[in-house]
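Subject: Structure handover

Hello,

Here is the structure for your files. My notes on the sheet and the helix packing follow below it.

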Amino acid sequence: MAAEQMAGTGEDPGRAAPPATAPPLTPPGPEPAAAPPARPLDAIDRDILRILQTDGRASIRSVAERVHVSRANAYARINRLVEDGVIRGFGARVDHERAGQGASAYITLKIVQNSWRTVREQLQALPGATHIALVSGDFDVLLLVHTPDNRALRELVLTRIQSIPEVLSTRTLLVFEETDLGPRPDRPAELA
């Protein structure tokens, strides 16, 4: 599907590949299909990414004009970035409080070894889960959730998450205030 169509429909092409897992937490089995090798990004690719990170609804024409290439070139570059997995999708940054999700929390989980894939699938199905990461350190998983209120958050943690058999323990860190540090026109992101 063309990049401009995806931007307009909000579809998420090729969701993010699961993060690399540490050997002790990865069950034996077939490996997922390998992603294409990373291609180096040139200055135009990086400029396109900055524009789309700031305004995911930017038209191909607008992108082309701003990076000084033809529309066909901009279109081909965006499609390549999507196909290569550099652009994982197009979406909107949401103010969760204004969207009726007034309680936010990071939840840390310790899980049974070799259960990452199973736990990840169950966490993805949770209402309000917006980010899941397999991490190193004192816990195994970091989960960001947004719920309507503290009662719903408590229910999510005590009833849903702690009932997952592979979850050994949880710790809930309430978010009192958050600031989105995504790229903005006044502070462009640096891309390698």
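Two strands count as paired here if DSSP finds at least two bridges between them. Please keep in mind that this is a predicted model.

On that basis, there is an open sheet of four strands in the order 2-3-1-4, with antiparallel pairing. Strand 2 (129-134) and strand 4 (167-175) are its edge strands, and each pairs on one side only. On average, neighbouring strands of the sheet are turned by 20 degrees against each other, direction ignored.

Strand 1 (residues 103-111) pairs with strand 3 (residues 141-147) in the antiparallel sense, over seven bridges. Within strand 3, L142 is the bridge partner of T108.

Two helices pack on this sheet. Helix 5 (residues 116-124) touches strand 1, strand 2 and strand 3, and its direction makes about 170 degrees with that of strand 2. Helix 6 (residues 150-161) touches strand 1, strand 3 and strand 4; the direction of helix 6 makes about 170 degrees with that of strand 4.

There is also a helix pair to look at. The axes of helix 3 (residues 60-67) and helix 4 (residues 71-83) come within 8 Å and cross at roughly 105 degrees. Angles of 65 to 115 degrees count as roughly perpendicular, so helix 3 and helix 4 are roughly perpendicular to each other. In their contact, I60, R61, V63 and A64 of helix 3 meet R71, A74, Y75 and I78 of helix 4. By class, this contact has six nonpolar, no polar and two charged residues.

Regards

Methods
Residues are numbered from 1 along each chain as its sequence is written. This is a predicted model: local features need pLDDT of at least 70, side-chain atom pairs count only at pLDDT 80 or more; totals for chains, interfaces and linings use all residues. Side-chain values use heavy atoms; hydrogens and water are left out. Axes are lines fitted to C-alpha atoms, for helices over the stretch in contact, and angles run from 0 to 180 degrees between N-to-C directions. Contact means heavy atoms within 4.5 Å. Angles under 35 degrees count as roughly parallel, over 145 as roughly antiparallel, 65 to 115 as roughly perpendicular and the rest as oblique. Ala, Val, Leu, Ile, Met, Phe, Trp, Tyr, Cys and Pro count as nonpolar, Asp, Glu, Lys and Arg as charged, and the others, Gly among them, as polar.
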